[in-house]
Amino acid sequence: MSKELIEWREKNLNKISKSFCAAKWYNASIHLGHGYTGSCHLPLPHPIDLEEIKTNPSAIHNTKHKKQMRKMMLSGIRPAECSYCWKIEDIGRDNVSDRVYKSIIYDQDDIDKIEEMDYRDDVLLKTLEISFDRTCNFACSYCNAGYSTTWGKEIQKFGPYQKMKTDSAGAYRSDGSWSEVFGKHNERNPFVQAFFEWWPELSTKLEEIRITGGEPSLSHNFWDFIEVLKSNPSPNLRLAVNSNLGMSPETLEKMIEMTNTISVKEVDIYTSNESYGAHAEYIRDGLVYEKWRSNLVNFLERANLRSLTIMMTINSLCLYSITEFLDDMIVLKKRYGANKPNVDLNILRWPAFMSPLVLPDEIKKELHAKLTKWFNEKMTPNLFSIGEFAQFQRLLDYIQVVEKGHVTTEDDKEKLHHDFKSFYVQYDSRRGKNFKDTFPELSDWYDTIKVDQSIPTVSLNDGRITHFESGTYPYPPAKII
Amino acid sequence: MLKIKEEEPWIMWPNILGQRFIKDPANRIFDHEGDFKFRLIFELEEPVSKKSTLFAKLPSYFGIDLEDYGILLIVTDDKGKTEYLTCNFQWEANKKYELLITKSQEVVTVFIDGNALILYFVDQKLASDENSHIIFGAGNFPKNEFNLNYLNVTLYELEIIRDDESISKHLFDDFIHGKSYDITENCNFIHQI
């Protein structure tokens, strides 16, 4: 199953270095509203230099920070910001980490070219994920006001989340207004201007642009960009859109019509979900499961799509109905084809207190057994790809083997449990939800956690990311390289 | 080979005899604004159990410490800011190691046996002094009585390359008046302090 991927990794990535990943060159996530970027969505994004983009619009991707990470990767040194992959690889068992999945999509010639480049060279992207602004009608529990205006409104109404101990809590203490300093519709945003300035050159090499948000279908800039694409056909470009599929019937029709009329090579739709029914509606506030599924079916039946993928953010709560959710997706796969929908499993990193690893060991064991049983009985090669198999296998290993979450500074489980309880108590109160009714299996454990009421009240903070990682991640001592 | 015993460090400081004695003395290699390589083959007599300095360039510090957990590079830039960069490594006694420190494309890289372990990005120039000197087996002069971190170590080979030119090479098998002879004939002697 993953033997081919391991061979590919050795032949194409590890021959350059054991820390090499082509995504650091050819892939970027760029948040134009904030002015932040990262290559691959797993590392925390870092700020784009406003001065640099005045003379070099490609610096919305080719930042000084990324160039340093590229040098590390060419030298065999593991950037700390890529710890998600290093933890997976250090588990052993020949696990395939995301650097393989994120690199295998590029031509071998393009990967080989990197070895010849100066690490300081500017590079044209092959795959780009970009968000114009944070306008969103959902306020998912693991998201925050920096990426959702609905989250921002909640924080403005109720104030910052209180009585929390871990660094992750910082994300829930900002209303996200820092990311709208260039106007609500980005009319004065220099990052958006740099993007449109770079676009004529970038579009010559770009193979895929994936637009995310917020919710893109609610963004003025998104529809402006669609007009640019309509008037400038890009026959080699794949357009992908991340949508929560919680849109109105009118917007649904507009989106489907767009897929049928736009002049690009092909269109992919990505949406997000990882649990079933009431669990999904709890985790992803704003989602109505039946509406989401109905819109999904509408896209599958009427839109002109190459594929439709469901991004699953694997958090502690979704594990209770992840198999029921996948059963539901199997129904669709059987009807519309194995890649409609695809599933893409990503293990949650932030906030750390929502990580699957926070759950008590006995609960993890129970869930691991349930997931393993489903894997053995339901995951069949005719419906799931090699990548989907490997990702699910990796999830099983991850729950069983990894003892720490992805945040070494937050490895005190007591603090994580504390914030788990403290967060959901406030989340319930603000959103009119009920944790114990929704997840009765966790009720006894939940009741044992006491929230420390002596923690001083905090005020609203600025909220921008200041703790992105720039150092190196050590190899395990037993085998240095 | 050169056996350096604890509390008996050696030093490369040829231009102490006169600032114009050597035009580009090898002891100023870490002050060089261009590219360089510093390659040292050494062997430890015992496993590393405490902080021990393999070499240190003074007075503006640039050096490698061996630690029980691994390796530490200490770099000072010309604004006086000091960076401490570490990497895990397991040292073994009675095994030869090749340390290679390169500066290229404004990056200082530390390799052990061909594996890159530490990168330092040179944003500001590296600190530079007229009277730089490199101490082997300690982090300071014994008379100063601080930051000594003595090391028992055997040196087998040292080569210093400035841009693409080898400006000093020691095989530590030729000694003149107690000083290790530089086979490039550039007179970058190394002697006991």
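Predicted model: local features only at pLDDT ≥ 70, side-chain atom pairs only at ≥ 80, totals over all residues.
Q: How many residues of domain 1 of chain A are in contact with domain 2 of chain A?
A: Two residues are in contact if their C-beta atoms, placed from the backbone, lie within 7 Å. On the domain 2 side of chain A, 16 residues take part. The number from domain 1 of chain A is 16.

Q: Which element gives the most to the side of domain 1 of chain A that touches domain 2 of chain A?
A: Helices (H or I, at least four residues) and strands (E, at least two) are DSSP runs, numbered from the N terminus. Both α5 (83–90) and β5 (127–131) of chain A supply at least two residues of this side. With 4 residues, the element that gives the most is α5(A).

Q: Why does the radius of gyration of chain A agree with a compact globule?
A: The radius is taken over C-alpha atoms, and the globule rule is 2.2 Å times the number of residues to the power 0.38. Because chain A has 481 residues, a compact globule would have a radius near 23 Å. This agrees with the value for chain A, 22 Å.

Q: Which strand of chain B gives the most to the side that touches chain A?
A: The contact takes 11 residues from chain B and 15 residues from chain A. At least two residues of the chain B side come from each of β7 (82–88), β9 (107–112) and β10 (115–121). With 4 residues, the strand that gives the most is β10(B).

Q: Which residue of β5(B) is the bridge partner of B:K57?
A: Two strands pair if DSSP finds at least two bridges between them. Strand β4 (residues 52–58) of chain B pairs with β5 (residues 62–66) in the antiparallel sense over 5 bridges, and a hairpin joins them through 3 residues. The partner of B:K57 is B:F62.

How values were computed
Residues numbered from 1 in each chain as written. Chains lettered and ligands numbered in written order.
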